[in-house]
Amino acid sequence: MYIFDYQRPVDKAGAMLAMQGDARYLAGGQSLVQAMKLRLSACERLVDLGGLDELRGISVHEGFVTIGAMTTHATVARSQDVLQAVPAIAELAGGIGDRMVRNMGTLGGSLANADPAACYPAAVLGLGAKIQTDRRVIDGDTFFTGLYETALEAGELITSVSFAIPLRAAYIKYKQPASRFALVGVFVSQGAGGVRVAITGAKNSVFRCSEMEAKLNTSFTSEAARSVKISTDNINGDMHGSADYRAEMISVMSARAVEAIRAR
Ligand SMILES: Cc1cc2nc3c(=O)[nH]c(=O)nc-3n(C[C@H](O)[C@H](O)[C@H](O)COP(=O)(O)OP(=O)(O)OC[C@H]3O[C@@H](n4cnc5c(N)ncnc54)[C@H](O)[C@@H]3O)c2cc1C
């Protein structure tokens, strides 16, 4: 780890003030600190968001579940409000990593990090979420721009995320056995605007699967999902699974998500 300066502001204004020069926000450190320890990442200052209580909390209002950026995965997983409004989000959060990761890792950190195999990005696209920052609202569909890349500007702070409450939804992931990240994860929702299907783990960035959405809008059955042949174009292949395997898994996981939704 390289030497850095550490600041722990107690409000948003203090955080903005501390973000000078080569500075980065620190949430639970579950990605950033590990990268810094390995010297894969470095900055001159860390601005710890742990003192900003205003970034924590969950509310349900006018068709949206709004979750503060510093809310941990463990808090989301056991929130009665989330379990009632969109159980798929609570289940997703409860399936992230291990107990320590869930107790420390945060929604805002997960989205800003934009890991191609992370779970929350699938919920953002799968539900049509809105990302509130210190300066604007970003449409979830335009938030993820590439491998570990987002629409956030330098120093921009995610403050909360509002997920549209669907009629029904489910998130199913096939876990990479060592890390528990998604080898392939599929978030399916049925809402007023039709079916949304978001895939994580299979490409350089989370994406909506238009051919699966078209099929499920016609016939919302697991057989229909299973019948969709996914092209291997731009699908990841590595030692954990070939592109052919991951493409096949998209249909299989989508079918399981539809089954889970129909069983709700
Ligand atoms: C062993 C292990 C297993 C894991 N398994 C999974 C899994 O199965 N599924 C999954 O989805 N994730 C998984 N994760 C990742 C985990 O979900 C963390 O939430 C994620 O790494 C982000 O961590 P963090 O919230 O502590 O953010 P940090 O590591 O503190 O920060 C990550 C990045 O986000 C930036 N940032 C943080 N907060 C904000 C904010 N509010 N606004 C703007 N930028 C911000 C930081 O500057 C940094 O660049 C795993 C991690 C580990 C270590």
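Student: What should I know about the model before I start?

Tutor: The model is predicted, so local features need pLDDT of at least 70 and side-chain atom pairs count only at pLDDT 80 or more, while totals for chains, interfaces and linings use all residues. Residues are numbered from 1 along each chain as its sequence is written, and side-chain values use heavy atoms, with hydrogens and water left out.

Student: How many residues surround the ligand?

Tutor: A residue is near a molecule if one of its heavy atoms lies within 4 Å of it. Here 32 residues surround the ligand, and Tyr25, Ser31, Thr106, Cys119 and Arg180 are the closest.

Student: Which kinds of residue form the shell?

Tutor: Ala, Val, Leu, Ile, Met, Phe, Trp, Tyr, Cys and Pro count as nonpolar, Asp, Glu, Lys and Arg as charged, and the others, Gly among them, as polar. The shell holds 14 nonpolar, 14 polar and 4 charged residues.

Student: What lies 2.2 Å from an oxygen atom of the ligand?

Tutor: A polar contact is a pair of N or O atoms within 3.5 Å. A polar side-chain atom of Ser31 lies at that distance of 2.2 Å from a ligand oxygen. For Tyr25, a backbone N or O atom is 2.5 Å from an oxygen atom of the ligand; for Ala27, a backbone N or O atom is 2.8 Å from one.

Student: Why does the ligand lie between two domains?

Tutor: Domain bounds come from an automatic or database domain assignment. The ligand lies between domain 1 (1–54) and domain 2 (168–263) because both give residues to its shell.

Notes:
Polar contact = N/O pair within 3.5 Å; in protein donor to acceptor, adjacent residues only side chain to side chain.
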